[in-house]
Amino acid sequence: MTTTTAPNAPATLGPAAQRAGRIVTGLVTLFLGFDAVTHLLRVQQVRDASADLGTPDDMIVLCGAVLGALVVAHLVPATRAMAVVLITAYLGGAVAVNLVAGQPWANSGFAILTAVLVWAGAWPRDARLRALVRG
């Protein structure tokens with residue numbers, strides 16, 4: 001199997017870093033996948049939380065579909081870099097909504113932590129992300 005990297009991309013990181021990245025990605029995928037499914041199924045707790053945020057009820061399934069598609073794209077090596085950036089944007093939107101709605105700081109902090117973990121899991125396994133940050 002041939003892997004393509006971006007021009008001037010940093011060298012591949014070692015096996016321990018790759019393994020750690022897979023573990024972190026697995027954990028984040030479980031969490032985000034669970035979140036997407038609860039939105040798609042319109043679980044009552046999700047509906048209540050959305051009502052507290054002032055978001056329309058019909059947005060729940062749309063958010064779940066978007067997040068679900070991004071989680072799947074995050075698992076595909078060819079689309080991982082794009083998905084990491086888009087998941088970060090999605091979670092940034094969650095932070096903005098939480099702040100505007102006056103939610104506790106922990107809600108925003110959790111979304112930020114999740115974004116950091118998405119990057120931490122993909123970083124050792126995707127030279128394109130390292131090249132993107134490196135410039």
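In which helix is Arg-80 found? Arg-80 belongs to helix H4, and the model we are looking at here is a predicted one. Because its relative accessibility is 6%, Arg-80 counts as buried. Leaving aside residues up to four places away in sequence, Arg-80 touches Ala-73, His-74 and Leu-75, and also Ala-122, Arg-125, Asp-126 and Arg-128.

Let's turn to the nonpolar core. The largest one has 16 residues, and Leu-32, Leu-67, Val-84, Ile-87, Leu-91, Val-118 and Leu-129 have the most contacts inside it.

| Helix | Residue range |
|---|---|
| H1 | residues 15-40 |
| H3 | residues 59-75 |
| H4 | residues 80-100 |
| H5 | residues 105-122 |

Helix H4 gives the most to this core, with five residues. Leu-129 is worth a visit as well: not counting residues up to four places away in sequence, Leu-129 touches Ala-81, Val-84, Trp-119, Ala-122 and Trp-123.

Now follow helix H1 along its length. H1 has 26 residues and spans 36 Å from its first C-alpha to its last, which is close to the 38 Å expected at 1.5 Å a residue. Several residues of H1 are buried, among them Gln-18, Gly-21, Thr-25, Val-28 and Leu-32. After H1 comes Arg-42, with a positive phi near 55°.

How values were computed
Residues are numbered from 1 along each chain as its sequence is written. This is a predicted model: local features need pLDDT of at least 70, side-chain atom pairs count only at pLDDT 80 or more; totals for chains, interfaces and linings use all residues. Side-chain values use heavy atoms; hydrogens and water are left out. A nonpolar core is a set of buried Ala, Val, Leu, Ile, Met, Phe, Trp, Tyr and Cys residues joined through side-chain atoms within 4.5 Å. Buried means under 20% relative accessible area, exposed over 50%, partly exposed in between (1.4 Å probe, protein chains only). Helices (H or I, at least four residues) and strands (E, at least two) are DSSP runs, numbered from the N terminus. Contact means heavy atoms within 4.5 Å. The expected span of a helix is 1.5 Å times one less than its number of residues.
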